[in-house]
Amino acid sequence: MAEFAAHLNQGTLNAQPTIFEIVAQESMASVLRPAVIYALKVLASSNPDRWGWIWRFGDELHLCLEYILQSHYLRNFEGSISEHFYGLKRVSRTPNNNADDKLSSLQRYLSLLMLVVLPYAKLKLDQLFERLREEYVTGSLSSHPARKRLYFLHLKRIFIYLYPFLHCAWESIFLCYYMLYIFRVSGVHSPLLHIVGISLQRFTQRDIVVHNLQRSLPTVPYRQTMVKQILAIPCSVTRLLSSLLANGLPIAVFSLKFIEWWYSSDNRSTVQSVMQLPVPSPPTQPKPAQHGAQLPPHPAQCPLCKRVRTNPTALSSSGYVFCYPCIHKYLNQHGCCPVTHLPSASKQLVRLYVDIVN
């Protein structure tokens, strides 16, 4: 089994994982979200009118999926998905009354918050900072003359000023814990684990035998009554999904890493030497959505404000041209093209330099 093969070359007496195993499992944990977001983007691009809302709530859908998977692995394997893949488990640094190292209910719930809620909150704070910084740079942050918004305007400016320092302090604390763990000064590599009273250890031979027995047991109790068998179906489905993830996740991670390396800038010359294909014809222009913004009668007008475009900016996902303030504000609010409803972001805006001839 692949999830138990990561530490076979280590000594059995040393249960503490190396820093390479910890970094590897954290890198693997960061792959799940981009894969889910990309799959949702492909689905939303296939039919923007029907599936466009999936792209707008992609982070929330990933949060629900992450909660289901991580809670299942914490309840059954005492660790996250990536930790279980690399043969690691979470143990309590403060043994309970039974004198064992299993996680308590409180530690399991706090671990679930650390794995699911905290990354989601950090992601939302990063997105909020980027949006407010763009508004501050473009001058739209201070364009609210109403006094009732003056208080919120000051809060936004304070957040823009303090958040980089808070982010730097957060990352510095994690770096210090990494250095202490490398030099064996501390047995915990994360301040969050230190607060909760948890550390990481490798699977023992007993853990591997127990997991093998759990997988060999029947998923549905056939000797029970029909009602109990029906009630056991959700548990069986969850166990089946976890088994599919345990076997399919290595292939998915390898495929994503290979695609990332293949299309990286360092490998661009190799790709060009291998794929000497003719330049394809330009793609067809996407059709306007049924409930999208109506195109103006004159091509020089913006589809949003219906006026002559100022600072013309093209949206690369659809090819339509708008005023920069109009399309930038619309993307921050809706996250899609106003004409085609294709999933889009502000990084897909392209400034056009057009010479106006009188």
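Mentor: Let's start with domains: domain bounds come from an automatic or database domain assignment. Residues are numbered from 1 along each chain as its sequence is written, and side-chain values use heavy atoms, leaving out hydrogens and water. This is a predicted model, where local features need pLDDT of at least 70 and side-chain atom pairs count only at pLDDT 80 or more, while totals for chains, interfaces and linings use all residues.

Trainee: How do I read a pocket, and what volume does the largest pocket have?

Mentor: On a 1 Å grid over the protein atoms alone, a pocket is an open set of points where a 1.4 Å probe fits, with protein on both sides within 12 Å along at least five of seven lines; lining residues have an atom within 4 Å of a point. Points are joined across faces, edges and corners, and the volume is the space filled by probe spheres set on them. Here the largest pocket has a volume of about 1,300 Å³. Its lining has 38 residues, with M114, L115, L118, P119 and K122 closest to the centre.

Trainee: Which helix supplies the largest share of that lining?

Mentor: Helices are DSSP runs (H or I, at least four residues), numbered from the N terminus. In the largest pocket, α6 supplies ten lining residues, the largest share. Among the others giving at least two residues are α1 (19–29), α5 (81–85) and α8 (191–196).

Trainee: How does the lining of the largest pocket divide by class?

Mentor: Ala, Val, Leu, Ile, Met, Phe, Trp, Tyr, Cys and Pro count as nonpolar, Asp, Glu, Lys and Arg as charged, and the others, Gly among them, as polar. That lining has 21 nonpolar, nine polar and eight charged residues. In the second largest pocket, the classes come to six nonpolar, nine polar and eleven charged.

Trainee: Where does the second largest pocket lie?

Mentor: Domain 1 (19–218) and domain 2 (289–357) both give residues to its lining, so the second largest pocket lies between them. About 1,000 Å³ of space lies in this pocket. Of its 26 lining residues, W55, D59, Q127, S344 and A345 lie nearest the centre. Elements giving two or more residues include α3 (48–56) and α13 (324–334), while α6 gives the most, with seven.

Trainee: What sits over the ring of Y353?

Mentor: A charge sits over a ring if NZ of Lys or CZ of Arg is within 6 Å of the ring centre and within 35 degrees of the ring normal. For Y353, the charged end of R351 sits over the ring, 4.8 Å from its centre.
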